[in-house]
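Hi,

Here is the structure I promised to pass on. My notes on its side-chain contacts follow below.

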Amino acid sequence: MRDTKTTILQGGDLIRSGSLVLVLSLLLTSCWHHSKINKEHHKANVNYARLFSRLQGTWISYEYMLNLNKTASPSRSASYMEGIFSFTIDSDRLNQDTLHCTAWVNGHSERDVWIAFDSPDTMGMFSIGINKSENDQHNPNSDNITRIKIDSPYLIIYTSTYDSVRYVYYDNLPKSAPAEYAVRHYTTAALFRGEYQTRDSAMIFGASYVYFDPKHIGRLYGSPVFDSFDINVDVLTQNDSIDYMELFDSRKQTESRSFIYKIKKNVLRIYPNTDSMPCVLHKTEIEDTLPRP
């Protein structure tokens, strides 16, 4: 079981106690840390059952979490999606001493990350890398990560230049969950989860009170017009500088519509278009969405 009790909040909900954090060093220059790596190796004697009881599940960029808590904007925090944003550790994918992980890279591609546990160096670091693809010729830094250190409550991954970036445990997701699950569901939960009230009941929602529940794939309760929602977090591939959300009606009585949204503290403003007056929603209770390892 996990050795360190850690609290991580997802939209005010307790995500996990006893978490670790991975520090991946890719492309996040504002968050890089420097540490000299000892390259001597020795044969590992790994207790895999104990190891995976601590590591099993999905890990997400802690730098992104911190920045999103400040900006409340996926587009303004998009630079923290670069490199490896998140990855899922599944002990069933252990091949001899090498573990293969499904990773979400540069905010828009699913990749395979491997960790070799057979020969740690004298500092307890293991080898790590990204399996190459046909697109790697356009990304010279794709194989720049070299070492990973399990340092509770963090996991730390270094580049060949000894830089590093932190990652934190997110959830023990179903093995069938897509790679982008972490970025999409963490972001919606951190920004939207909770109950809101508005005086503009006729503008968009047709109700004075609505409740956003991103844990159930973007469900929206309380509105007779819309019953689900999604937000655009693919800001890297679409080069968006504005945060969008789309509202849906599964009953097919109302066509889906896209809106611009802006969040400041407990106030959510939704704009039908850039020149329109916003629908202003007030969160009934301010929730601490910042995970704290």
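Y196 is buried, at 3% relative accessible area, and F212 is buried too, at 0% (buried means under 20% relative accessible area, exposed over 50%, partly exposed in between, with a 1.4 Å probe and protein chains only). This is a predicted model, where local features need pLDDT of at least 70 and side-chain atom pairs pLDDT 80 or more, while totals for chains, interfaces and linings use all residues. Residues are numbered from 1 along each chain as its sequence is written, and side-chain values use heavy atoms, without hydrogens and water.

The whole structure has 14 aromatic pairs (Phe, Tyr or Trp rings, the six-membered one for Trp, with centres within 6.5 Å; planes under 30 degrees apart are stacked, over 60 edge-to-face, the rest tilted). Y196 and F212 make an edge-to-face pair, 5.3 Å between centres and 85 degrees between planes. Ring pairs also join F192, Y196, F205, F212, F229 and Y261 into a cluster.

On the charged side, there are six salt bridges (a Lys or Arg side-chain nitrogen within 4 Å of an Asp or Glu carboxyl oxygen). Among them:

- R147 with D121, 3.6 Å from N to O; R147 is buried at 8%, and D121 is buried at 0%.
- R184 with D230, 3.0 Å from N to O; D230 is partly exposed at 30%.
- D249 with R251, 2.7 Å from N to O; D249 is buried at 5%, whereas R251 is partly exposed at 39%.
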